[in-house]
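Thanks for making time, everyone.

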Amino acid sequence: MTLSMQEWIFTESFGRYTIDLGDSNVTPLSAADLLGPDALRELARLPLGYGHEAGLPELRAAIAARHARAGPESVLVAHGAQEAFSLLIRALDRPPRSEAIVVGSGWSQHSALPAEEGMKVVTVPLAEDEEALLAAVAKAATWRTGAIVVASPDNPTGWSASPALLEALSEIAGSYDALLIVDEEYVIDGERSVAGLNESVAVVSGLSKLHGLPGLRIGWCVARPELIARCTRRKHLSTIANSVLCERLALAVLADDAAFRRRAATLCGAGRAVLRAWAAERGTVEVLGSGEELPFAWLRLAAGTDSLAVARAALRGGVLVIPGEVFDRPGHLRVTVGRDPAELRAGLAVLTDALADPAAVRQAA
Ligand SMILES: Cc1ncc(COP(=O)(O)O)c(C=O)c1O
């Protein structure tokens, strides 16, 4: 990988843009957007105790209620899907569970984290042909496999696994007493979740992306209770508990979830239409994949275009986009569409200039 997401977002770009078309969440909301003045005042009086290491019981119950097949004992609140994933990987029995099979995922943490934990990572590339993909996973799975990891929808490609594929993957995992970890970060509709499908399935998700609340750091893991207990022990040894302030805000969000779904659908739908019109005008930028409900779009640039140079030129113009290099896919950009259309248009105008930057087109010439 020529450039990591961490380097791009937190080193090279941090503080250097005014329009964010890079972060993959819909426009973030504030605490004042979430609560009225009375409820805000009440929140300000909340004693800042530790709460509970597994998450406030009311919050665990509210998360469980989103999933048809899970009770509160199957839910662990974590600092984002990211911590939930990390706790699951760290809770695997190792050795002998020394390998992780990562299906496609452009989200590089899915490979980086097991590797950092000393696991061997076997990557199975994404394929539209689900039977071929399943056969490749079946071939890679062994008694050394601790986890099969898949993001559905995937970031950045927007690829999604069918329910049948996820079930078949869980059966492969189950036949080796391994875990299928499904990253549902971009699933806002709990009814679509595969949480609780069977004992081999663990799901991670949270409020960061489609709810537009990444700074709340509220995510979760839904898995069989015994595994939740093992993850809770790891959480106790690292962060102990989530902030009770954030958990209270999360409860208010989940109490009004339908409104968040509508907001996400409106922002993402309108934004994607703006982006499509812009791309059609350019003629040199192709909007790939489907993922209509996603907050981001995945773009292929004209052959030979230097996507990192485009992203750097956009940054000089005050706009953050994500160069394909951070996903090991040069020649592509990830652009956030879950924005107010006026802001998105302003950002795309800068991107138009960036695409014409001499450094970006040098290779194409
Ligand atoms: C697929 C995927 N999983 C997990 C995360 C982590 O998000 P969070 O920890 O904020 O829930 C991201 C963030 O971009 C993501 O794209």
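The protein splits into domain 1 (5-24 + 259-361) and domain 2 (47-255), with bounds that come from an automatic or database domain assignment. Please keep in mind that this is a predicted model, in which local features need pLDDT of at least 70 and side-chain atom pairs count only at pLDDT 80 or more, while totals for chains, interfaces and linings use all residues. Residues are numbered from 1 along each chain as its sequence is written.

Between the C-alpha centres of domain 1 and domain 2 there are 27 Å. Their contact draws 15 residues from domain 1 and 16 residues from domain 2, two residues being in contact if their C-beta atoms, placed from the backbone, lie within 7 Å. On the side of domain 1 that touches domain 2, the elements giving two or more residues are helix 11 (257-282) and strand 10 (296-300), where helices (H or I, at least four residues) and strands (E, at least two) are DSSP runs numbered from the N terminus. Helix 11 gives the most to that side, with three residues.

Now to the helix pair: helix 5 (residues 80-91) and helix 6 (residues 109-116) pack at an angle of about 40°, with their axes 10 Å apart, the axes being lines fitted to C-alpha atoms, for helices over the stretch in contact, and angles running from 0 to 180 degrees between N-to-C directions. In this contact, Q82, F85, S86 and I89 of helix 5 meet Q109, L113 and P114 of helix 6.
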